[in-house]
Amino acid sequence: MTNHELQLKSIQYRRNLLRAIFHAGAGHTGGSLSCVDILNLLYNRILRVSPKTFADAKHDRYVQSKGHSVEALYVVLADREFFPESELETLCHYQSHFVGHPTRKVPGIEMNTGALGHGLPISTGMAIAGKLDAADFRVFTLLGDGELAEGSNWEAAMAAAHYKLDNLTAIIDHNTLQISGHTRDVCSNEPLDEKFRAFGWAVRTVNGHDFAELTAALSKPLEPGKPSCVIANTIKGRGVSFMENTTKWHHGVPSEKELAQAIQELDSAEAILKGAKK
């Protein structure tokens, strides 16, 4: 896929996740919108994984540590044909496997997550296993910046550097907002780049909505012998004007009127992109 095709794909994903959240009556809207470009890039350009290869021990691993933004992951997996897109209509319905956090009952989900601070330790263990088996798969995990207040992340960061896990990449969805406000005000974790470097990681900061920058940072390990940390600066609620950088949309369901406005904005953005290509 070209970068232009990925941009159009992200608009499609944003429409789909908003509709899924609306019909479910629940969902973490802002964080799903902020990370969807990252997931789009991973599954359509970086990860060596597909429905056919998911059971193969050689496939690349992806663990969504910020599991509350699972709606973004669901729409990407549906598009990649891990399951029929129609199953998204059951999100948060009685007896549906499509619940508000990742579960391995859904095809394509690597690990149950949701309790914050678990994804990086799990991914560190996967990366160690890969090293022990002399396997060439890579392990990626996506964390929220507010999630980094969990101490388990820093234990895993220390272990990953100790074991020289250059097959491990942690991506920080750095949208600077969490459920109760700006991360810097709730429990500041800045400067993130210096902290991860101090723990022995190779670090790169990118625009989390720029596919060229994301590709350059994620295509290969940043440094031999070191785990990689990619700090992706993003906008919470990206793509919908009234949701962007607004704390209330951490978890929120659009009304019918709000959904219509959001879809209209995304349709307009799509038309502009298509027009620019002609």
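This is a predicted model: local features need pLDDT of at least 70, side-chain atom pairs count only at pLDDT 80 or more; totals for chains, interfaces and linings use all residues.

On the α1 side the contact is made by K9, Q12, Y13, N16, L17 and I21, and on the α3 side by E71, A72, V75, V76 and D79. Sorted by class, the residues of this contact divide into 6 nonpolar, 2 polar and 3 charged.

The next pair to consider is α2 and α3, which pack at an angle of about 30° with their axes 8 Å apart. Because angles under 35 degrees count as roughly parallel, α2 is described as roughly parallel to α3, and here again the crossing is right-handed, with α2 passing α3. From α2 the contact draws on S32, C35, V36, L39, N40, Y43 and N44, while α3 brings V70, E71, A72, L73, V76, L77 and D79. By class this contact of α2 with α3 has 9 nonpolar, 3 polar and 2 charged residues.

The remaining pairing in this part is that of α1 with α2, whose axes are 9 Å apart and which pack at an angle of about 135°. The two helices α1 and α2 are therefore oblique to each other, and their crossing is right-handed. The residues of α1 that make the contact are N3, L6, K9, S10, Y13, R14, L17, L18 and I21, and those of α2 are T29, S32, L33, V36, D37, N40, L41, N44 and R45. By class, the contact of α1 with α2 has 8 nonpolar, 6 polar and 4 charged residues.

Beyond the helix α2, D56 lies in the loop between α2 (29–46) and β1 (61–64). This residue D56 is partly exposed, having a relative accessible area of 37%, and its C-alpha atom is separated by 35 Å from that of A198, which is 142 residues apart from D56 along the chain.

C92 is in no disulfide, and its nearest cysteine sulfur, that of C35, is 16 Å away; with a relative accessibility of 34%, C92 counts as partly exposed. For C229 the closest cysteine sulfur is also in C35, at 16 Å, which is too far for a bond, and C229 counts as buried, at 0% relative accessibility.

Some details of the backbone complete the tour. The peptide bond from E190 to P191 is cis, with omega near 0°, and P191 is placed in the loop between α6 (183–187) and α7 (192–198). A134 is not a glycine, although it has a positive phi of about 55°; A134 is found in the loop between α4 (119–132) and β2 (139–144), where this residue is exposed, with a relative accessible area of 70%. N245, another residue other than glycine, has a positive phi near 55°, and N245 has its place in the loop between β7 (228–233) and α9 (256–277).

Methods:
Residues are numbered from 1 along each chain as its sequence is written. Side-chain values use heavy atoms; hydrogens and water are left out. Contact means heavy atoms within 4.5 Å. Helices (H or I, at least four residues) and strands (E, at least two) are DSSP runs, numbered from the N terminus. Ala, Val, Leu, Ile, Met, Phe, Trp, Tyr, Cys and Pro count as nonpolar, Asp, Glu, Lys and Arg as charged, and the others, Gly among them, as polar. Buried means under 20% relative accessible area, exposed over 50%, partly exposed in between (1.4 Å probe, protein chains only). A disulfide is a pair of cysteine sulfur atoms within 2.5 Å. Axes are lines fitted to C-alpha atoms, for helices over the stretch in contact, and angles run from 0 to 180 degrees between N-to-C directions. Angles under 35 degrees count as roughly parallel, over 145 as roughly antiparallel, 65 to 115 as roughly perpendicular and the rest as oblique. A crossing is left-handed if the near helix is turned anticlockwise from the far one by less than a right angle, and right-handed if clockwise.
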